[in-house]
Amino acid sequence: MANDWSDIFDNYGLKRVTATDRSKGAYLPTKEQQAALAAAGHLPGNAEDHNLIGLEVLGEEHLPLATSYYGSRREGSGRDPEIRMGRGIVSWSDEGDELVIGNIGSRVYVAKASEVAPDQVAVAGRSPTDQAIAVPSSPAPASNQMPASDQSIQFRPRARIIRTIGDQLISGPEAAVIELVKNAYDADASRVVVKFIPPLQPGAGRITVTDDGHGMTVSDIQDKWMEPATSSKTANRRSPRKNRVMLGSKGIGRFAAAKLGRIMELTTISERAGERIEVLIPRIDWSVFNGDTYLSDIRIDFLSQPTTGATGTTIEIVGLNEAWSAAKMSRLLLELRKLISPIHTAGEDEGFRIYLDISDCTDATCGFDGLALMGTAEVPSDDPLSVFEVIPFPLLTACDYEVDGHFDDAGTFHGTMQIKRANQGPEAIRLQVPLRQDEESCGQVDVRFYVFDRETDIIKATMQKAGMGDVTAKQARQILDEVAGIAIYRDGFRIRPYGDAANDWLTLDTRRVQDPSLRIGQNQIAGYLSVETQETSSLIEKSSREGFEQNAAFVRLARLIRELLAQVVEPRRQRFREDAGIARRNTTSFEEIRKLGELNKIRALVKGLPEGEREHALAVIDEQEASLRDRIAQIEERQRVLEAKSSLGAIIGEVLHEGGPHANYVAQTGAWLVRSYSALFTNGPRSDDIKRQYPDKLGLVAESGEKLRGLIASLRPLSGGKRPPPSIFNPVNVVRDAAAVFDSHNIPVTFLNPEKVSEAIGYKGDLSTAIVNLVGNAVHWLEQTRTAQPAITISMAKAGDDLLVLIEDNGPGVPDEFIDQIFEVGFTLKDEGTGWGLNIAREALARSDASLGYDREFTGGARFVIRFPAYREKQGGR
């Protein structure tokens, strides 16, 4: 039996409630009582930072008291702060009551000593009761695990692992707020209010996050909320009331509070079996998690009581870690606006609203006006919170081009593209993108693209159609910049950072640098992708919640979108712009330039001059025409060298890949032959073995050498050296050597020459350049589309005095709508193409008076036709 309060408490103090305490509405604890509170881990906050503590009442049936604990300083007094406890304890006691406040470990107790003696009080075991929550550090072993023995060891995480989760896995304060908003959604809330209370400076201010969700019971807090990396949302992917797909699955989002501030307070009300219970965690000081304390040794006090209040949760963060400037708050607002998809797909819950309440932020308190930042001048009295609702960015349907559809599980796109600028209706799109070996299906992907031309007059008109008013071109581009980018959403919420201006995850700008007239840049497209669950799509969010893991499914997703842009959206847009005269066609050839250089129109005008003047004028024209032809020839030769080097660069990788193994074999086997040569003239088991191997190795060296010779021969015509006069050559050898560059792709190439064509006149390099580009194109599309039993056929035949070379494959062919564009400079249907290959091939052949065309009638794939001058015996050549 306890005879004194010291028999019960580790530390304690006594004091009567005075009239001053009652009048101030605050209890002034003694030094001894303050020492007991300090021993339990409670220090007073400042006037703006009222730390909330819980005191258990002894000697009577009473719920724990929740009371603030702080130091109050009167401005200008120069005195030390007066330590006070708030109305919670004053309203419970009466004037004259002698209060004892003491601690047992981290627990704090209070009793009316004038009514209760020490021997009337029982505190079980002088140890914390079930009113404290331990932070779980490791799960109990499952029944099917191997039993522990004296040879086993366990992980013992330090408490700072919680700070690691909050501080290091969550990239910034904006991301931390978003994690808490997502938690509210998972709690079946219909709304969440994020409120900032100034001053928003380090060590001061506070943030509250309040939702009207289903709240948490003590067991929820103990077994789920307080358990790092809990699997509760992974095991139960649907919320209990609204059957929402859970956004969280890592079990780390709640620790975002540690990223935002030093202290966290939690109040939550839940309803179970018709009874509502309020649970209060008065204080979690994240600095406790910085030392060497083990996680399992930290206990968090809480209070619980019945209530009639509405269900929901409020998290209050006190003592901010970072200052919140106007720029940072603007970024948070932008993030929240992008968080919820403006496009709702079937099954997504639309009943969730986000409010960013910065009504207390003024120029005086924060350096910026919260109302102005939210785009309003006043707060309506009937619904003050309405102006702080975060509205998703509107869909800019007043775009120039719109794409709508979806990829199915097999990678086939079904949808439409509408060229709104031409007032066209939607046209059906179907694109198949077969799965590559380095990819994994990413499930079904819903796609919505809004594409814009950014020329001054066009973008201003677009913004006017969107209801933005008469804005300047600069303002219009700024508006578009805010919404531009291709964002990814799952279950209606954006996966950060996809869609951010700085996150060009599809490398759109890099592609556009190569061909700005064809490619669409990051700031020209507002895209919205909706992906399926992690289990269905294999798209796995990183633990940092900053995007997806770079796995095979993500590689697949990125390629699907790039192929849709490259094969459909960009070429259709380019064709419209050229037809409308917005973009210039790149079709001019040297033959056209030479005809212009003949100055025929000027010659026709000169005919009207008097004879004497006409002769002089024609002489001047002849002189200028000759000079112009000479300049054109120089430019054409320079172009030929550049084209040859371009083709050489395009195939050098193929040559290295194909020739590398042969070169290695020649080098290694050559060294073996040199070392073993002397053994050919001796006797013995080793000599006999070397003599047996020698002929085979010599044969293989010769075979590899011949392969290398052929590869080098295929490069020689593309070297770009000075050209001799046109000569007679065997086109069969040129074609075979050029096609052999792609042998390593293991696509069968069949050569047909039924008429035994063996001579042509011109330049071998021109034909070789064309064949390299055409066969390379065929190989690309056969591999890209994973064509079953891919094949390439090269046929030669005579057509009068000319030679026809037909290069065909059984791939997808060229869509009819793009046939007229394929020879234009910069036009390509390849995602990483340059748009130079076919134009180079045509221009190279033109220098040998040859031509290149596409066979529209061929339906078995793609067929290109080269018409090359053949050797004309009667004319003795050309």
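**Notebook: a cavity and a helix pair**

I began with the lining of the largest cavity and found that α9 (326–339), β20 (485–490) and β22 (525–531) each supply at least two residues. Helices (H or I, at least four residues) and strands (E, at least two) are DSSP runs, numbered from the N terminus.

A note on my source: this is a predicted model, where local features need pLDDT of at least 70, side-chain atom pairs count only at pLDDT 80 or more, and totals for chains, interfaces and linings use all residues. Residues are numbered from 1 along each chain as its sequence is written, and side-chain values use heavy atoms, without hydrogens and water.

I looked up the cavities next: the structure holds seven of 30 Å³ or more. On a 1 Å grid over the protein atoms alone, a cavity is a set of points where a 1.4 Å probe fits but cannot get out, and lining residues have an atom within 4 Å of a point. Grid points are joined across faces, edges and corners, and a volume is the space filled by probe spheres set on the points. The largest cavity has about 100 Å³ of space. Of its 13 lining residues, K338, V483, A487, Y489 and Y528 are closest to the centre.

Then I turned to two helices. I read that α21 (residues 764–784) and α22 (residues 837–846) pack at about 155 degrees, their axes 8 Å apart. Axes are lines fitted to C-alpha atoms, for helices over the stretch in contact (heavy atoms within 4.5 Å), and angles run from 0 to 180 degrees between N-to-C directions. The two are therefore roughly antiparallel (over 145 degrees). Among the residues that meet are L767 and L774 in α21 and L838 and L845 in α22.

Definitions and conventions. 1 Å grid on protein atoms, 1.4 Å probe; cavity = no way out; pocket = protein on both sides within 12 Å on 5 of 7 lines; lining within 4 Å. Parallel < 35°, antiparallel > 145°, perpendicular 65-115°, else oblique.
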